[in-house]
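Please look over the sequence and the model below before reading on.

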Amino acid sequence: IKPRKYPPGPVWFPFIGSSGILQKMTKKYGSEWRACLELSRQYSTNVLGMRLSTELLVVVFGEKNVRQVFNEKEFDDRPDNFFARLRCLGYKNKGITFANGEVWKEHRQFAVKNLKYVGYGKTLMEKEIQNELSSLLEQIKENNDKPINIVNLLGESVINVLWKFVAGERIKEEKLKHLLDLFRQRGKAFSVAGGMLNQMPWCRFIIPELSGYSLIKKLNGEISKVIEEAIEKHKKKEVEGHDFIYKFLNEIDANKNATFTEEQLKIVCLDFFIAGSQTSSNYLGFAFLKVLKSQDIQEKIFNEIDTIIGDRPPCWNDNERLVYTSAFIQEVHRYYPVVCMAGPRSLQADTSIDGYRIPKGATVLMSLADIYFDPEIWDDPQVFRPERFIDESGMLKNSEHLYPFGSGRRRCPGDSLAKSFIFIMFVGILQKYRIHVSNGTVPSEIPVIGILSSPRPYTAEFTLRK
Ligand code: HEM
């Protein structure tokens with residue numbers, strides 16, 4: 001039975017609730033986010049209410065409602081459902097991303113403090129990004145005008161930087177390529193709302209391949225092995241220097257807090273890997289796609305880099321002086337959002353949003369991407385225009401209406417790496433190379449939207465500018 005004053009949405013059938021309708025709409029509109037947006041329009045509501053199997057699912061639209069979820073404590077938790085268990089290698093609410101309450105607060109704080117302690121977010125991180133840039137430029141050079149899938153190369157680079165601070169060393173190249181490839185397929189089994197496996201966990205026994213269950217099992221097994229091997233190497237002191245795993249193992253040895261266990265360490269490392277693996281490289285994928293298709297934007301960026309930076313390697317501090325380039329990156333965040341729907345959150349107490357009552361325990365998702373195309377907030381939202389982020393005096397103008405890293409207590413703790421990485425890689429590659437369409441095929445701009453939004457796989461040619 002529908003709870004009283006529950007938000008409007010599609011009909012609930014026995015057992016499956018609205019699952020079938022959502023799946024059908026997702027197929028029709030190409031993504032779960034678009035399907036939810038369409039349903040919110042059909043039911044003329046900014047708060048969409050559904051039941052997927054036994055789980056109540058509420059999707060909120062509009063900046064006011066989204067901010068409410070970001071800011072109110074009742075929305076801080078993550079659900080503990082089949083999706084969350086599989087995502088956390090079978091454990092209940094462990095790590096950071098899926099942890100709740102005191103464990104979440106403590107481990108989020110510990111991670112932020114200790115990653116910083118080992119150099120994350122500081123000059124050392126910038127040096128690591130610049131080193132990755134050099135080796136990426138080498139790889140582009142070796143390919144010598146041949147088509148390159150830049151998104152895949154960048155995915156490896158960002159993990160290399162992150163892993164330096166987490167585990168003190170790189171993951172072997174072939175292994176990393178293979179892992180990232182598996183992670184790219186993860187959307188087959190999961191979606192932001194959980195996906196078929198979450199709504200009907202029993203289907204893993206009947207259609208293990210089709211439901212994506214076999215893939216997730218394989219992926220979990222392989223990533224577990226990589227992380228366990230790194231932890232074992234640290235226990236034998238075979239890794240040089242300071243890193244996050246050493247800091248965490250010291251905390252386990254100090255034995256002051258029972259939540260510091262090896263399983264918890266494993267899931268925190270997994271959280272970093274998952275959160276870092278596709279996000280930044282997808283943004284850069286969209287950014288390069290845009291300059292590939294718009295040579296005049298590319299010229300403007302070349303000009304700015306040549307006059308302001310010249311030949312020295314770019315650093316994060318350059319972002320305020322490279323006004324057009326930074327405005328372009330902001331516009332990419334707006335026009336090609338990688339996180340279209342944020343969450344999932346699990347409601348801790350009965351609450352009301354926009355006049356509707358949401359019962360405790362409901363799963364809540366926030367639609368971010370439609371805020372970026374709201375004509376009440378942006379002039380000509382359908383037009384890609386970096387200049388909207390430049391003020392009358394020619395200075396960079398930040399917008400409070402962009403939420404690429406979320407907001408509030410669950411805001412992304414990886415934003416400093418992501419921002420520096422995106423800026424330094426983008427500027428560093430265009431400083432040396434001009435990007436062309438390869439084999440005369442112009443890649444599509446229509447994104448593939450799963451858990452994250454990504455550009456359709458494409459290759460481009462890179463020719464040396466000077
Ligand atoms: C462009 C790159 C990135 C984007 C767009 C991004 C976006 C986000 C967003 C929107 C959230 C909040 C989800 C919510 O409100 O429920 C989040 C959380 C998170 N991100 Fe990122 N992220 C990026 C890169 C990274 C990196 C490189 C790391 C690795 C350190 C990272 C680690 C995390 C973690 C651990 C959380 C969970 C925080 C929590 O639940 O307390 N992210 N990210």
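Which residues of β2 lie on one side and which on the other, and are they buried or exposed? Glu55, Leu57 and Val59 are on one side of β2, Leu56, Val58 and Val60 are on the other, and all are buried, which leaves both faces covered. Buried here means under 20% relative accessible area, exposed means over 50%, and partly exposed lies in between, with a 1.4 Å probe and protein chains only. In a regular strand the side chains alternate between the two faces of the sheet. Strand β2 covers residues 55-60, and because six of its six residues are buried, the strand is largely enclosed by the rest of the structure. Helices and strands are DSSP runs numbered from the N terminus: a helix is H or I with at least four residues, a strand is E with at least two.

A word on the source of these values is needed here. The model is predicted, so local features need pLDDT of at least 70 and side-chain atom pairs count only at pLDDT 80 or more, while totals for chains, interfaces and linings use all residues. Residues are numbered from 1 along each chain as its sequence is written, and side-chain values use heavy atoms, with hydrogens and water left out.

Now consider the partners of β2. Two strands pair if DSSP finds at least two bridges between them. Strand β1 (residues 47-52) runs antiparallel to β2 and is joined to it by six bridges. Leu52 stands opposite Glu55 of β2. The hairpin of β1 and β2 has two residues between the strands, and Ser53 there takes a positive phi near 55 degrees. With β6 the direction is parallel, and four bridges join that strand to β2. In this pairing Val58 stands opposite Val364 of β6.

Which protein atom is a donor of its iron atom? The SG atom of Cys412, at 2.3 Å, is the only protein donor. Donors are N, O and S atoms within 2.8 Å of the metal (3.2 Å for Na, K and Ca); water is not among the atoms, so sites may look incomplete. Cys412 sits in the loop between β6 (363-367) and α17 (415-432).

Around the ligand there are 25 residues, and the closest are Arg78, Arg108, Arg345, Arg410 and Cys412. A residue counts as near a molecule if one of its heavy atoms lies within 4 Å of it. At least two residues of this shell come from each of α5 (101-117), α13 (262-277), α14 (279-293), β3 (341-346) and α17. By type, the shell has 14 nonpolar, seven polar and four charged residues. In this scheme Ala, Val, Leu, Ile, Met, Phe, Trp, Tyr, Cys and Pro are nonpolar, Asp, Glu, Lys and Arg are charged, and the others, Gly among them, are polar.

Some side chains of the shell place polar atoms by oxygen atoms of the ligand. For Arg78 the distance from a polar side-chain atom to a ligand oxygen is 2.8 Å. For Arg410 an N or O atom of the side chain is 2.8 Å from an oxygen atom of the ligand, and for Trp104 the corresponding value is 2.9 Å.

The last topic is charge. Side chains of opposite charge can pair when their charged atoms come close. A salt bridge is a side-chain nitrogen of Lys or Arg within 4 Å of a carboxyl oxygen of Asp or Glu, and by this rule there are 28.

One of them joins Arg409 and Asp76, N to O at 2.6 Å. Arg409 is in the loop between β6 and α17 and Asp76 is in the loop between α3 and α4 (82-87), so the pair ties together parts that are 333 residues apart in sequence. Arg409 is partly exposed, at 31% relative accessible area, whereas Asp76 is buried, at 6%.

Another salt bridge is between Asp354 and Lys64, with N and O 3.4 Å apart. This pair also links distant parts of the chain: Asp354 is in the loop between β4 (351-353) and β5 (356-358), Lys64 is in helix α3 (residues 63-71), and 290 residues separate them. Asp354 is partly exposed at 40%, and Lys64 is exposed at 59%.

Finally, salt bridges can form a network, as they do for Asp80, Arg85 and Lys92. Arg85 belongs to helix α4 and is partly exposed, at 31% relative accessibility.

Terms used: Polar contact = N/O pair within 3.5 Å; in protein donor to acceptor, adjacent residues only side chain to side chain.
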